[in-house]
Amino acid sequence: MKKGLKGLFSVIILSMILSACALDSSSTKDSSASDKKGNTESSSAKSTEVKEYKATNLEALPNKTKARKDTFIAGISAPGGVFLPYFYENGWDGNATDPMFAPLVNLDPTGKPVGILAEKWDVSSDLLTYTFHLRKGLKFSDGSPLTADDVAFTLTLLHDPAYAGEQDISLTAIKGGKEYKEGKVKSIEGIKVVDKETIEITTEEVNAKSLLILGGQVLSKAYYGKDYQFGKLDYLKELYPKPLGAGPYKFVKYVPGQEIRYVANEHYYAGTPKMKNLIFKVIDTSTSLQLFETGELDYAGFSADDDTVEQLKSLGFANLEVGPVNDYGFIYVNNSRPQFKDKAVRQALVYGLDRQKIVDVKFKGYGTVANVPVSKVSWAYNDEGINKYEFNAKKAKELLDQAGWKVGSDGIREKDGKKFVIRYLTRTADDPIIPIAKENYQDIGIKFEPEIMDFNAIVAKLGTKDYDFAAVSTSQILDPSDPVEEFATGNANNAAGYSNPKVDELIKKGLNTLDIEKRKVIYHDLYKELNDDPPVILIHYRQSAKAISGQIEGLHPDNFTGISASLPNISIKK
Amino acid sequence: MKQYVLQRFLQMIVILFGTSFIIFFLFAMLPGDYIDSNISLTPQRAQELKALYGLDQPVLQRYFTWLGNALHGDFGYSLKHQEKVLSLLNKYVWNSFFVAIFALVLTWSIALVSGVISAIKQYSWFDGFVTFFVFAAMSFPSFFISLLFIKWFGVDLQILPIGGMIDTGSDSTGLAHLLEVGKHMILPVTILTLLSIGSLTRYFRTGMLEVIRQDYIRTARAKGLKERVVIFKHALKNAILPAITLLAFELPGLFSGAIIMEQIFNWPGVGRIQLESVSFRDYPVLMAFTMFLSCLTIIGNFLADVTYAAVDPRIRLK
Amino acid sequence: MDTPNPIVNKQVKTVVKSPSIWKQTFRRLKKNKLAMISLFFLLFMFLLSFIGPYFSPYILDRTNVANMNQPPSAAHWLGTDNYGRDVLTRLMMAGQISLTIGIAAMVLSVMIGSLLGAISGFYRGVVDMVIMRVADILMSIPGLPLLLILAAILSEWKVPAEYRLYIIMIMLSFVGWPGLARLVRGQILSLKEQPFMQATEVLGLSDRRKILHHLIPNTVPLLLVVATLNVAGSILSESALSFLGLGVVPPTPSWGNMMDAANNFMDFRKRPWLWIPPGTAIFLTVVSINLLGDGLRDALDPKMRR
């Protein structure tokens, strides 16, 4: 759940090991490989569906895999060793802690909330008070009981003034939270432990995302609160490498830079997981294919392309899932610059860019053009009535002419004596947007100058709005509000400098109710408005290929929790 | 001699202070800091965090804070890894060191032998082969060679592990552990050696060629000395003199980690930590590590100067 | 005697003027077949890079995605890359950049490094100490952050991308000279004590003459090795630099960045026409420079009688 707040960096890595594809049980499981043969035209139409390829020959399993009878190995890129939710700075530590710490509430494969440690929950009619009913007899992996006190402790800890982690609890606006943080009161008024299994939390603002934040991973008060003193959190650093939680697995050992080992938690509420041992092996994405081929990994994710998919299929012992990833890519446009203030100009820039070509080059058939600022697997996705902005240089030229940008003698448009030049910031030299945008924009009379700089520098420039265009992707989208919140006027993360009062209103409305059907409608309206007055240039939705070793059963990676949701249920085929 | 050593030592202290100052300010000039890289923070929260970490203070003040702590042996906490810098570096630096030192020994031995023999048999097929090999290794990036070796030995033949320092899930200790690590070291050490061998061979070869043409070698031969004696006793010593300077450069290299190699082979070394600390503006790690390498560089240079003087009697130190 | 004696005149006229040192060197060089082949190859590469593109029917940066990743064929002698651009044309254009960078960067750093190293080794004392300590400091400053800062500064000053490359080359030379200077200084230290230097002292030669005409020329063999290694290094480093935003700006090709584009396993295995041409170009260029350098060194050495 915290993955959504990690920041861009941990996502721009293409083959997200634990990203997921939707496994919507109603979609047709197409197991015939023959249809899908790298044919650009048919595969871009099909690339929103999930394709599954089953293992054909389990005899071909590498010896290493066959020798494993009770261990599952997945890959992780670069954990930092801070194994405490809310306190790690590195997204991969999030993946590392998921098997060990269970939350009250999590998301199901369709992105709707489902109870984990909480059996059920109620929300008051004013949408401000949340009452969680924990399951009976919950225990941490050391056998100690898990009660509402632990939940209260976790939430209070996050309000401590010395808390320097990424979770911003103030977003939930718990009553009395601010006063506690300022040291004015000794406990938070809005957190009430009703009894061992019931906790009631009162907030002061309606926020559709509060449920997940309040229902986050639970920390043991006895273990993590033993030396707690208001304002002094350094003692926790000793506990980073010694985690204790209520998740399906408990911590065994961390070999720095190499692997993290876990063993099944016999006190897990849903029963001891069938797979006794779990190992997250630290890998580098450039060799993940080789590692999977030789049986060093049971599960690996790759950015999808024909070569990789063919290679994986040819192994024979792998189950493959090729499906959409829960994010999208886009180009930031600096709306505060005079040339981009005009809506017509921004529309022209979208018409004038051959986004289909970019997607084709970058994803070779495993990506589609994005026109809605949410991923296709979200329940909020709706492209009805959305203008697809198909590549149309003529229209772009018309719009620019109308906006007063006349082509000068050197072929570059100018207005009021200023030439139309776009400085584009990107992280990598092989960004396909560079050659394609350069060509396209030159045709319509705009000079396009790419600049490569490192990630931190780009972020700094986005912060000070010192850029024209910049390339980014979103993080994993857990709630449809996540990617669009920043477009609200005055929002701290509004790097695009965008302002549209109608959009502001819709964004607020979207969070103001917890009813998913109502929210769907609100977001649809929002998307239509953002489509007409685009703050940024949306580029792509992409796909990934997930390979699972044929002897593993029960693993169903999904788009919202990766492998976390199905991890407790995996076993080895006999 | 003692006086010289003392002088150099004092100079070294001055340089270290100077370097730390320059580096700190250089890093401070990098746009953006650690907190900035997390764009999902509200500006309020960002301000809070910056204050917590002391990042909102003026640069000069931050420098002296750092200096004060450093002189007490406290190099601070890594912002990203949330642990003490020294323990963080200690975890990883030895892994890099072991690979580097094996590669160093191998490189120098092989380069010395091939360089000298190429020179002696200039223009022979051996010389031609070595030259060709050296330039081929130089022209293709390490990435390619690494992937190629992984494919041949790791995937096709499956005789060497693809990456990592230990077998997955292994609990071995003692001798078994050493052997396991050794097996995993084979590919990284080989690649590193291949990469460095080229330039060193050329230096040795040239040095040897120069010496062979000198008059005193002709004299030695004229005196009727056996060729082997001529080469090893007279020529070699003089030929490798310039290379001694090179050895000094290797000292910091032993601890700086080979970034690309460590990435591809997933070797838990210090190279990646270094790269990350720059990308994420993790000042404490950056400063500690850079000062460490700086020390090594200065010591290395100093050792080179002293050795050079010791080996070549014609040179006077002062 | 009114009329001059014809025999005396003839004798006067037949006094032979000895050819200049360069003519002598070149004559000796001509005899070295390998060196000559290398020389002609380098000339060929220059022509190919600077004039070749004019003969290509393909516009350099025009993408043609329908045509992407095609193996070599009659239409595209070296195939196409992942944007459908002709590899051969790009190879030729890339040559301009890579050759320029390789050679210019090398010349700069060799000049600065050898001069400073020589002065340091020759004069010893305070001069030596200052230069060497400055070298120490420069060597200790890590390259990566330094380059990132440079990139940031250049970006702040809005320096046009085309000029950045040259500025970087200059900066690299400035930062790279310590290593070279130390090497040269080491050599100078030994050379200084040799008898021929005593001779120059006796002859009363000026310091400048001693350094430029006697000491440095004797370090030429070493310098040649460094120079040739430097060229290959510069060509390849340039592509590493482009990752930091300092090298050649895409879509402009260079041999280094053409190779990097194929650095994933699939391209490497299945599409060798993407990386073999630039790799071979670098290889042959480096070998030629080296053989030429070797030949030059042999030709300059009066002791060689081949």
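Before counting anything, I noted what a helix or strand is here: helices (H or I, at least four residues) and strands (E, at least two) are DSSP runs, numbered from the N terminus.

**Entry 1: ground rules**

I'm looking at a predicted model, so I kept its limits in mind: local features need pLDDT of at least 70, side-chain atom pairs count only at pLDDT 80 or more, and totals for chains, interfaces and linings use all residues. Residues are numbered from 1 along each chain as its sequence is written, chains are lettered from A and ligands numbered from 1 in the order in which they are written, and side-chain values use heavy atoms, with hydrogens and water left out.

**Entry 2: chain B**

I looked up the make-up of chain B and got 13 helices and zero strands. Its C-alpha atoms fill a box of roughly 85 × 60 × 40 Å, taken along the principal axes.

**Entry 3: a sheet in chain A**

Next I went to an open sheet of four strands in chain A, with the order β5-β6-β8-β7 and antiparallel pairing.

I then zoomed in on β7(A) and β8(A), which form a hairpin with two residues between them. Strand β8 covers residues 198–202 of chain A, and its antiparallel pairing with β7(A) runs over four bridges. I found V193(A) opposite I199(A) in β8(A), and K192(A) has E200(A) as its bridge partner.

Helix α5 (residues 148–158) of chain A packs on this sheet, touching β6 (129–134), β7 and β8 of chain A. The direction of α5 makes about 175° with that of β7(A). Contact means heavy atoms within 4.5 Å.

**Entry 4: chain C against chain B**

I checked which residues touch: 55 residues of chain C are in contact with 55 residues of chain B. The area buried between the two chains is about 5100 Å², with carbon and sulfur atoms giving 69% of that. (Buried area is the accessible area, 1.4 Å probe, that two parts lose on being put together, summed over both.) R182(C), L229(C) and F283(C) supply 11% of the area that chain C buries against chain B, more than any other three residues.

How many salt bridges are there between chain C and chain B? I got zero. The cut-off: a side-chain nitrogen of Lys or Arg within 4 Å of a carboxyl oxygen of Asp or Glu. The rule does find two residue pairs in polar contact across this interface, both at pLDDT 80 or more. (That's a pair of N or O atoms within 3.5 Å; within protein, one must be able to donate a hydrogen and the other to accept it, and residues adjacent in sequence count only if both atoms are side-chain atoms.)

Which element gives the largest share of the side of chain C that touches chain B? It's α12(C), with ten residues.

**Entry 5: chain C against chain A**

Here the contact takes 26 residues from chain C and 28 residues from chain A. These chains bury about 2200 Å² between them, 54% of it on carbon and sulfur atoms.

The largest share, four residues, comes from α11(C).

Searching the whole structure, I got 40 salt bridges over all chains. In chain A, the side chains of R346(A) and D533(A) meet in a salt bridge (2.6 Å, N to O). This pair links distant parts of the chain, 187 residues apart: R346(A) sits in helix α13 (residues 343–351), and D533(A) in the loop between α20 (516–532) and β22 (537–549) of chain A.

Conventions:
Pairing = 2+ DSSP bridges. Axes fitted to C-alpha atoms, helices over the stretch in contact; angles between N-to-C directions.
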